[in-house]
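Please look through the sequence and the three-dimensional model below before reading on.

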Amino acid sequence: MWSWVLHRISGATIFFFLFVHVLDTALVRVSPEAFNTIMDTYKTPVIGLMEMGLVAAVLYHALNGIRIILIDFWKDGPRYQRQMLWVVAGVFIVVLIASLGVIGMHMAERFL
């Protein structure tokens with residue numbers, strides 16, 4: 001149940017990011033000055049934390065999506081769905097810690 005809810009939330013988060021990304025990229029053709037202003041606001045620690053959340057959302061959504069594909073298309077998928085959930089959780093935690101470490105080091109260089 002919770003994996004389903006988190007999958008929907010992460011998907012909506014990714015969709016929102018892509019929507020904003022397309023809008024701010026399109027702004028460069030309308031007003032380069034406004035585009036530069038928006039880019040400057042993105043260079044803040046708050047946006048850096050939001051990027052960390054985006055990395056977590058994309059990572060979870062991708063790993064859980066693979067699990068859902070296996071459940072749907074592998075004949076033994078439904079039988080092993082709980083084990084696959086724990087594998088997804090383990091891989092998610094390991095890769096997320098490594099990713100956030102790299103992003104954290106970059107943020108420390110930039111903001112400290």
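Which residues does His-61 touch, not counting residues up to four places away in sequence? With contact meaning heavy atoms within 4.5 Å, His-61 touches His-7, Ser-10, Gly-11 and Ile-14.

This is a predicted model, in which local features need pLDDT of at least 70 and side-chain atom pairs count only at pLDDT 80 or more, while totals for chains, interfaces and linings use all residues. Residues are numbered from 1 along each chain as its sequence is written, and side-chain values use heavy atoms, with hydrogens and water left out.

His-61 is found in helix α3, where helices are DSSP runs of H or I with at least four residues, numbered from the N terminus. UniProt, in an unreviewed entry, places the feature "binding site" at His-61; such annotations may be inferred rather than shown by experiment. Because its relative accessibility is 26%, His-61 counts as partly exposed, a class that lies between buried (under 20% relative accessible area) and exposed (over 50%), using a 1.4 Å probe and protein chains only. His-7, by comparison, has its place in helix α1 and counts as buried because its relative accessibility is 12%. Leaving aside residues up to four places away in sequence, His-7 touches Tyr-60, His-61, Asn-64, Gly-65 and Ile-68.

The table gives two helix pairs, with axes being lines fitted to C-alpha atoms over the stretch in contact and angles running from 0 to 180 degrees between N-to-C directions.

| Pair | Axes come within | Crossing angle |
|---|---|---|
| α1 (residues 2-30) and α3 (residues 45-73) | 9 Å | roughly 130° |
| α1 and α2 (residues 32-41) | 6 Å | roughly 145° |

The residues of the contact of α1 with α2 divide into 8 nonpolar, 1 polar and 1 charged, where Ala, Val, Leu, Ile, Met, Phe, Trp, Tyr, Cys and Pro count as nonpolar, Asp, Glu, Lys and Arg as charged, and the others, Gly among them, as polar. In this contact, residues of α1 including Asp-24 and Leu-27 meet residues of α2, among them Phe-35 and Ile-38.

In the other pair, residues of α1 including Leu-6, His-7 and Phe-17 meet residues of α3, among them Leu-54, His-61 and Arg-67. The residues of the contact of α1 with α3 divide into 8 nonpolar, 8 polar and 1 charged.

**Spans listed in the record**

For "transmembrane region", UniProt lists residues 12-30, 42-63 and 84-108 in an unreviewed entry. The end C-alpha atoms of residues 42-63 lie 28 Å apart, and this span is 86% helix and 0% strand.

Conventions: Helices (H or I, at least four residues) and strands (E, at least two) are DSSP runs, numbered from the N terminus.
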